Amino acid sequence: MAERKNLYFFYKKDKELQEKLNPLFDLAVENGFHIVDSAEDANIIVSVGGDGMFLQAVRQTGFRQDCLYTGIKHAGADAGLYCDFNMEHFNEMVESMKYEELEVRRFPVIEANVNNSSSFYCLNEVSIRSSLIKTISLHVYIDDLHFESFRGDGLIVATPTGSTAYNKSISGAVVDPKIPCFQVSELASLNNNRFRTLGSSFILGGERKLVLQMEQDGNDYPIIGVDNEALPIRNMTDITITLSDRIVKTIKLKNNSYWERVKRTFL
Ligand code: NAP
Ligand code: MN
């Protein structure tokens, strides 16, 4: 990791945070790192904030494949699922980057193609939710097999690292990011003679293709979310979800496994 010396910090630019970050920048520079002003020049992109900020850092820098990402949580808070480091212990991060005590961790990403035209990457999930008080209806296909017809508030398709976010709030399983897969979970499904769904979350292998076809019944203007951003797409006809060949590479401290962070966050 010796050649990885250019750090780009992604954060909400306010004066108070800037003042807190200045000593961190100094420390990094003293240890031979360069702070760059443009993400394009970086080989390590560091978000400062919470998991939401980390998601934004990855999205706004375009899911870079030639870059490592890492997150620093604001002072006082516990480390987030994506944030291995804490502002108060920034020296630990610098020391370990310097002495290469880090490991690279690879997180699966899903790709959502909407209406056969625009593709989006997601590190947490793609969510399709009714934007009206009425239910939406989606026909669910797995590898071209018509699997079920869903009517309800919506469906969430989560990556392994997204499994602890929205997916977990709706009783989805927490999935080890070492497994290349994605998980489908329901938001309040109606179950009757016309609409019958599995009722539990299901996990698809990385080679599968999931197609959600929207019934054009008037309520076909759902809110489509990719991580923490809503897409500006209005009418949806279908969305195809696959595991991307992109991954997000993050740096982790030794002895800070995914399951350690899950335990620390939830137990
Ligand atoms: P937010 O509404 O502030 O996020 C909700 C919470 O989810 C925050 O505490 C956030 O942590 C945490 N979070 C984000 N990604 C996580 C992950 N992979 N594992 C565990 N916790 C995670 O919005 P946001 O911070 O921009 O985060 C966007 C995410 O919120 C979406 O991708 C979605 O997964 C989730 N979300 C959840 C619900 C729900 O549970 N009902 C509803 C909508 C969205 P930080 O405070 O560290 O940012
Ligand atoms: Mn947040």
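Trainee: Which of the 16 residues around ligand 1 come nearest?

Mentor: Asp 51, Glu 125, Thr 164, Ser 169 and Asn 228. Keep in mind that we're looking at a predicted model.

Trainee: What makes Glu 125 a polar contact of ligand 1?

Mentor: Look at the distance. A polar side-chain atom of Glu 125 sits 2.4 Å from an oxygen atom of ligand 1. The cut-off is 3.5 Å between N or O atoms, so the pair qualifies.

Trainee: How do you know that Asn 228 and Asn 124 belong on that list too?

Mentor: Same test, two more values. For Asn 228, a polar side-chain atom is 2.8 Å from an oxygen atom of ligand 1. For Asn 124, a side-chain N or O atom is 3.0 Å from an oxygen of the ligand. A polar contact needs a pair within 3.5 Å, so both count.

Trainee: How much of ligand 1 does the protein bury?

Mentor: On its own the ligand exposes 810 Å², and the protein buries 60% of that. H2 gives the most, with three residues.

Trainee: And how do the shell residues divide into nonpolar, polar and charged?

Mentor: Five are nonpolar, seven polar and four charged.

Trainee: Back to Asp 51, then. What does UniProt list for Asp 51?

Mentor: The UniProt record, an unreviewed entry, gives "active site" for Asp 51. In the model, Asp 51 is part of helix H2, residues 51-60.

Trainee: Why is Asp 51 called partly exposed?

Mentor: Its relative accessibility is 23%. Buried means under 20% and exposed means over 50%, so Asp 51 ends up in between.

Trainee: What does Asp 51 touch, leaving out residues up to four places away in sequence?

Mentor: Gly 80, Leu 81, Tyr 82 and Cys 83.

Trainee: Which residues of H2 are buried?

Mentor: Phe 54, Leu 55, Gln 56, Ala 57, Val 58 and Arg 59. After the helix comes Gly 62, with a positive phi near 80 degrees.

Trainee: Why are Asn 116 and Ser 171 called exposed?

Mentor: Asn 116 comes out at 66% relative accessibility, and Ser 171 at 67%.

Trainee: Why is Asn 43 called buried?

Mentor: Asn 43 has 19% relative accessibility. Buried means under 20%, so that's the label Asn 43 gets. Asn 43 is in the loop between strands S2 (34-35) and S3 (44-49).

Trainee: What does the side chain of Asn 43 reach?

Mentor: The backbone nitrogen of Asn 6, at 2.8 Å.

Trainee: One more: what makes Lys 134 exposed?

Mentor: A relative accessible area of 54%. Exposed means over 50%, so Lys 134 passes. Lys 134 sits in the loop between strands S8 (125-129) and S9 (136-142). Lys 134 and Asn 219 are 85 residues apart in sequence, and their C-alpha atoms are 7.3 Å apart in space.

How values were computed: Residues are numbered from 1 along each chain as its sequence is written. Chains are lettered from A and ligands numbered from 1 in the order in which they are written. This is a predicted model: local features need pLDDT of at least 70, side-chain atom pairs count only at pLDDT 80 or more; totals for chains, interfaces and linings use all residues. Side-chain values use heavy atoms; hydrogens and water are left out. Buried means under 20% relative accessible area, exposed over 50%, partly exposed in between (1.4 Å probe, protein chains only). UniProt positions are given in the numbering used here, feature names are shortened, and annotations may be inferred rather than shown by experiment. Helices (H or I, at least four residues) and strands (E, at least two) are DSSP runs, numbered from the N terminus. Contact means heavy atoms within 4.5 Å. A residue is near a molecule or strand if one of its heavy atoms lies within 4 Å of it. A polar contact is a pair of N or O atoms within 3.5 Å; within protein, one must be able to donate a hydrogen and the other to accept it, and residues adjacent in sequence count only if both atoms are side-chain atoms. Accessible areas come from the Shrake-Rupley method with a 1.4 Å probe; for residues, only the protein chains shown count as cover. Ala, Val, Leu, Ile, Met, Phe, Trp, Tyr, Cys and Pro count as nonpolar, Asp, Glu, Lys and Arg as charged, and the others, Gly among them, as polar.
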